[in-house]
Amino acid sequence: MDFLNAIIALSNFALLPAIAYGSQLALGALGVTMIYGILRFSNFAHGDTMAFGTMCVILITWYMQSLGIDFGPLPTALLALPFGILCCIAFLLLVDRAVYRFYRAQKANPVILMIVSMGVMFILHGLVRLILGPGDQRFDDGSRFVMTAREFKQWTGFSEGLAVKTSHGITILTAIAVVAALLWFLNKTRTGKSMRAYSDNEDLALLSGVSPDRVVAITWIIVAALATIAGTLYGLDKSYKPFTYFSLLLPIFASAIVGGLGNPLGVIAGGFVIAFSEIFVTYAWKKVLGYILPEYLKPEGLVQLLSTDYKFAVSFLILLAVLLLRPTGLFGENRS
Amino acid sequence: MKDRIRTILLFALAAALIVGTGFLQSWNTALIILNMGLISAVMSLGVNMQWGYAGLFNVGILGFVALGGLATVLIAMPPTTAAWSAGGARVIAGLVCGAVVVAAVIAVFRHMKRSKWRALIASVLLVGGFFLYRGIFDPGVEAVEAVNPAISGYLGGFGLPVLLAWPAGGLLAAGAAWIIGKSALGLRSDYLAIATLGIAEIILAIIKNEDWLARGVKNVIGIPRPVPYEIDLQNTPYFAEKAISLGMDPVTTSSLFVKLSYSLLFSIVLVFIVVLSQLSLNSPWGRMMRAIRDNETAASAMGKDITARHLQIFILGSAVCGIAGAMMTTLDSQLTPTSYQPLRFTFLIWVMVIVGGSGSNLGAVLGGFLIWFLWVQVEPAGLWLIRIITSPLAEDNALRAHLIENAAHMRLLTMGLILILMLRLSPKGLIPEK
């Protein structure tokens, strides 16, 4: 009984949030890895792209709410999501046309593209702050819980409660659907195959008649969709603040690199590795250990390995260890 | 010759902008811009060393600047004797213990062959060492932070003259750069970028959370100054008389005098670093650096030790950023960790280097002044622009009020546009490398 209580407490406070956070990171990191694979640079503007897409969703959500449209128990933001994605796609295609295309034609060094993406990052960050302001925005509505801790206790009779937040449920389901769709697209459709061919060997793909402009445009479309979805899910789950999205850059890059840049399945695993380590290292184990350990070993302190403020340090240390010991990523193929 | 005239004209433009601010707004504002411009120029010189000379992509500048600020607190603040006797020894012992554990793990990795045993011993050392470190360290920290938390609650500094903090800030940043360089250099440029981004976050997290060190987010205020206080000047009869005899108000004069003294100190540092950088860039060492940057394989074939040179330049550049950080904290007389924003202290410095001209020291200095000037002045200009754009809307229009309220963020937009336009139209910068 105590053991089950321990598992329930752990699921409630650490497992579920970690799975949700991991899904959000994985979606973000998939965007980074798509850009890296096809356009061949590390996009510093990705966190702010997520912020921009989410901002579109938020504005449309507010508009829908003002019209009295709602989605029953689910957040209205899900209804607004497709429109937000369209806005983000339009914007990214515009940016590509105005900024990145020039350097692609020149076959510029990836480092230059990285610096260019810093400029785009400034612009996106400025735009978001200009339009929404730098503060916290709330846009979630609908019911907060699929199952509250009290319902669970009454239903099962355990002394520990397990609450399932709506945002966690939505995040996990959406992430599964999006990833399945993306993998199907990349592996089964003609366009997806041509994109993978382009990513593996650009010259060979061009010789086989793959249209580079089309591949690049589709990449941006997918990236916009992934970034908007990831950003909206993160915003629904936690809160929306432009600066937080900028800071997500580090765990997202860490997920992408840990998983092996350019490998979608590895990147998803990377997202979960980072999310689980961040949450488990900064989780206060007192309650769980209190259930498992015998009476005389019960901990007095919180048994928190690191304070939550150091969660970035965790993703970073994992990143560094992977870079030094296995530079192709935990799940990457050994390509030199 | 043409290049030289161009350089002189550009610097004259920067000077004119600052002097113009003096005439049009106030001399106080002009001097504030000048002082931060001098500091920005030093930071941008540091980044230019790493990126311009050696092609190292460092986006962790914020961390080194913050370390410089930390050095200022550690050097100039008086020691908190009560805190030292309460838990100082324990804290130090904890830190030493932590360092010994890390060194032991590294030694195990160095001296043992790759095997299961090595991994096992290293993990046991690491986990055991971590708990030992927390066991020694935590009670010490608790004791230190309990000492008068409202005004101190930290160990304090050495109570030395604040000017010593500038070289100390450089040394501290150099030390951190050594550790980082040892582990992260040699990575591909985009990986190095991510790694440095993460390190800056960690350094900042440490400064924010380790209250025993520099009070964390409670800020350290009232750091001693290398120049006199305004109020003392006003109370000095000689100074007040002199000001009045020049036809100026003693209060304004004292404030200008203090700012000018800072400008003088900062200028000395800037000129010193510029001269050294120019000399080294034109020396055989500088040529070797550029050779490595332009073609690592060829340089390596010529027998140059690329890793060692990269480490050297990474440390040098970071040290310069640390010095700038210490200068800035000295100017502010306070350390406020929450004010260290990556956009302001990492990416803005990059804009300065790119706009000035990668690889050119004078360009970095010019970029520092020009971009800092814009960063300050775009804010009112953006407000003015938004007022004009939204003028067709009614005075109490919600959209108009909202945009005006957020107009300050126009500066981020402007910086992004400048960076992108510069890279497109003149990728070598205003003063290109020769």
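A crossing of two helices is left-handed if the near helix is turned anticlockwise from the far one by less than a right angle, and right-handed if clockwise. In this predicted model, helix 2 of chain B passes helix 11 of chain B in such a left-handed crossing. Helices (H or I, at least four residues) and strands (E, at least two) are DSSP runs, numbered from the N terminus. Residues are numbered from 1 along each chain as its sequence is written, and chains are lettered from A, with ligands numbered from 1, in the order in which they are written. Because the model is predicted, local features need pLDDT of at least 70 and side-chain atom pairs count only at pLDDT 80 or more, whereas totals for chains, interfaces and linings use all residues.

The model scores ipTM 0.90 and pTM 0.93. Chain B has a mean pLDDT (the predictor's confidence in each residue, from 0 to 100) of 91. In chain B, 100% of residues reach 70 or more. Confidence in this chain is lowest in helix 17 (residues 398-405), with a mean of 82. It is highest in helix 3 of chain B (residues 61-76), at 96.

Chain A contains 14 helices and 2 strands. Its C-alpha trace spans about 70 × 55 × 35 Å along the principal axes. The radius of gyration is taken over C-alpha atoms, and the globule rule is 2.2 Å times the number of residues to the power 0.38. For the 336 residues of chain A, a compact globule would have a value near 20 Å; the chain has 21 Å, which agrees. Chain B contains 18 helices and 2 strands. Its C-alpha trace spans about 75 × 60 × 50 Å along the principal axes. With 434 residues, a compact globule would have a radius of gyration near 22 Å; chain B has 24 Å, which agrees.

Axes are lines fitted to C-alpha atoms, for helices over the stretch in contact, and angles run from 0 to 180 degrees between N-to-C directions. Angles under 35 degrees count as roughly parallel, over 145 as roughly antiparallel, 65 to 115 as roughly perpendicular and the rest as oblique.

Helix 2 (residues 27-53) and helix 11 (residues 250-281) of chain B pack at about 20°, with axes 9 Å apart. The two are therefore roughly parallel. Their contact has 20 nonpolar, 6 polar and 1 charged residues. Here Ala, Val, Leu, Ile, Met, Phe, Trp, Tyr, Cys and Pro count as nonpolar, Asp, Glu, Lys and Arg as charged, and the others, Gly among them, as polar.

Helix 2 of chain B also packs on helix 16 of chain B, at about 135° and with axes 7 Å apart. This pair is therefore oblique. The crossing is right-handed. Residues are in contact if their C-beta atoms, placed from the backbone, lie within 7 Å. Helix 2 of chain B contributes residues including B:Gly37, B:Ser40 and B:Ser44, and helix 16 of chain B residues including B:Gly367, B:Gly368 and B:Trp372. The contact has 11 nonpolar, 7 polar and no charged residues.

Helix 1 (residues 2-24) and helix 16 (residues 361-389) of chain B pack at about 30°, with axes 10 Å apart. That makes helix 1 roughly parallel to helix 16 in chain B. Their crossing is left-handed. Among the contact residues are B:Leu10, B:Phe11 and B:Ala14 of helix 1 and B:Leu366, B:Phe369 and B:Phe373 of helix 16. By class, this contact has 10 nonpolar, 1 polar and no charged residues.

Conventions: Two residues are in contact if their C-beta atoms, placed from the backbone, lie within 7 Å.
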